[in-house]
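The sequence and structure are shown first.

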Amino acid sequence: MGVTAIPSPGTRLRRVLAAGALGILGAAAVLVSATVPADAAESTLGAAAAQSGRYFGTAIAAGKLGDSAYTTIANREFNMITAENEMKINATEPNQNQFNFTAGDRVYNWAVQNGKRVRGHTLAWHSQQPGWMEAMSGAPLRQAMINHINGVMNHYKGKIYAWDVVNEAFDDGNSGARRNSNLQRTGNDWIEVAFRTARAADPAAKLCYNDYNIDNWSWAKTQAVYNMVRDFKARGVPIDCVGLQSHFNNNSPYNSNYRTTISSFAALGVDVQITELDIVGGSATTYANVVNDCLAVPRCTGITVWGVRDSDSWLGANTTALLFDGNGNKKAAYNSVLNALNAAGPGPTPGPTPTVTPTGGTGTGQVRNTASGRCLDVPNATTTDGTQIQMWDCHTNPNQQWTANSAQELRVYGNKCLDAGGTANGAKVQIYGCHGGNNQKWRRNSDGTIVGVQSGLCLDAVGAGTANGTLIQLYSCHGGNNQKWTYSGT
């Protein structure tokens, strides 16, 4: 990727990253103040998000609860609260088997006394471990992790909406590997053990895996987390949600495939929560894009920004990464977020997303579009690489006979594969000589969609067309019948 990772916030990072972020920003880090009120049906972020059945939250620091300007904004605007540091391992179990919930309870009590729900953050993490845990390894560390999860979740049992059970377990870069942490060295099953322990400790809480730099669908780290969640769902490991931290900056910028990432995780049958959002420079456009991407996916259930005012940000005030300036004034980004939330208006309660049906066998047959009743067709029965696929009246000729195999390919003529010519909306779907790449692998889902493994986008009849000759492209999945197909081969 060539990306310099910026980890998630914690006290360990404040000393380095504030300065680093300033270097990234340069002159662009000018505070944009907005005085024009948002054209809003609801006047606060939490109320606007609630219209579509979602939440809009923030991270709260116990030490700032005495600041009336801080608490006034937080109480007015947000309906979900995450403790910034107070529920992390070093805060809740500073000495082995001696738990301290004073700071965590202060944040929790403030939240519930003001009618808000609480996300728990975090139970198992390589960072912000107390010294006694850092010194451990092997079986004793594994047992200490289990004891910690039980101790903290039992204290808050029935009170927490969702827990970040495991935080930041994967490496940055192109490897897609697990992070070489002391927890990882206890055995590769440590994440599964953490989730199973958490489910037993509090069956009512949603259990989330949370990480940074898993926002871009094309990155190896994103794919590695996706594969883990898919494996967990297939094997019955209890996982309910994926947290996208979404710390956007020049080294890890917002990408237009963010919506694909959200929808792809959701298609596995988990909720997606944007858990630690901040955007260096505070772009109003980017903030609106993030919100709209979440709103487009029913199982994206809420957004949390990581701090109230710019002066509260872990990145430093001059990065202008949040929705309120240091004086508590609403910024342009605030208005763009509020308008996006209000534009969504009332919506249905998010329901289950169909889970992936594994590609079966070596059957051969037609791929018929639900909207048109026409079939995937290679124009003029050509065998030329790069020929875009179309829809045509169904027949039994070889140019409409597609073989699904265990490699997730859809083959025609025996040696040509259904091939994605890109990863963006509008990329053409074509035939090409089979080579085993992810752009030639497809997931056939129980809702009738066919999704590209590389892009996460759906096989789509251009313009919702139904006529002979309508071309086929990739497009963000939206549930329309022009994206639904039946396969006669299995």
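## Salt bridges

A salt bridge is taken here as a side-chain nitrogen of Lys or Arg within 4 Å of a carboxyl oxygen of Asp or Glu. The structure is a predicted model, in which local features need pLDDT of at least 70 and side-chain atom pairs count only at pLDDT 80 or more, while totals for chains, interfaces and linings use all residues. Residues are numbered from 1 along each chain as its sequence is written, and side-chain values use heavy atoms, with hydrogens and water left out.

By this criterion the structure holds 19 salt bridges. In one of them, the side chains of lysine 331 and aspartate 310 meet at 3.0 Å, N to O; both residues lie in the loop between E9 and H12, 21 residues apart. Lysine 331 and aspartate 310 are both buried, where buried means under 20% relative accessible area, exposed means over 50%, and partly exposed lies in between (1.4 Å probe, protein chains only).

A further salt bridge joins lysine 64 to aspartate 312, again at 3.0 Å, N to O. This pair links distant parts of the chain, 248 residues apart, with lysine 64 in the loop between strand E1 (55–60) and helix H3 (68–77) and aspartate 312 in the loop between strand E9 (300–305) and H12. Lysine 64 is partly exposed, because its relative accessibility is 25%, whereas aspartate 312, with a relative accessible area of 5%, is buried. Lys64 and Asp312 also belong to a network of salt bridges that includes Asp67 and Arg309. Elsewhere, glutamate 77 and arginine 76 meet through their side chains at 2.8 Å, N to O, in a salt bridge; glutamate 77 counts as buried at 0% relative accessibility, and arginine 76 as partly exposed at 38%.

## Overall organisation

The chain has twelve helices and 22 strands, assigned as DSSP runs numbered from the N terminus, with helices (H or I) of at least four residues and strands (E) of at least two. Of the 490 residues in the chain, 57% are buried. Among contacts with a separation of 6 or more, 71% are between residues 24 or more positions apart, a contact meaning heavy atoms within 4.5 Å.

## Packing of H11 with H12

Helix H11 (residues 284–295) and helix H12 (residues 332–344) have axes that come within 8 Å and cross at roughly 25 degrees; such axes are lines fitted to C-alpha atoms, for helices over the stretch in contact, and the angles run from 0 to 180 degrees between N-to-C directions. H11 and H12 are therefore roughly parallel to each other, given that angles under 35 degrees count as roughly parallel, over 145 as roughly antiparallel, 65 to 115 as roughly perpendicular and the rest as oblique. H11 passes H12 in a right-handed crossing, a crossing being right-handed if the near helix is turned clockwise from the far one by less than a right angle, and left-handed if anticlockwise.

On the H11 side the contact is made by Ala284, Tyr287, Ala288, Val291, Asn292 and Leu295, and on the H12 side by Ala332, Ala333, Ser336, Val337, Ala340, Leu341 and Ala344. These residues divide into eleven nonpolar, two polar and no charged, with Ala, Val, Leu, Ile, Met, Phe, Trp, Tyr, Cys and Pro counted as nonpolar, Asp, Glu, Lys and Arg as charged, and the others, Gly among them, as polar.

Helix H10 (residues 258–266) packs against H11 at an angle of about 30 degrees, with the axes 9 Å apart, which makes H10 roughly parallel to H11. H10 passes H11 in a right-handed crossing. The contact involves Tyr258, Arg259 and Ile262 of H10 together with Val290, Asn292, Asp293 and Cys294 of H11, and its residues divide into four nonpolar, one polar and two charged.

Eight of the nine residues of H10 are buried, so H10 is largely enclosed by the rest of the structure. The elements that cover these buried residues include helix H9 (220–235), strand E6 (241–244), strand E7 (247–248), strand E8 (271–279), H11 and E9.

Histidine 247 is found in strand E7 and counts as buried at 3% relative accessibility. Its C-alpha atom is separated by 9.5 Å from that of valine 305, 58 residues apart along the chain.

Threonine 82, in strand E2 (residues 80–83), is buried with a relative accessible area of 1%. Not counting residues up to four places away in sequence, threonine 82 touches Thr58, Ala59, Ile60, Arg119, His121, Thr304 and Trp306.
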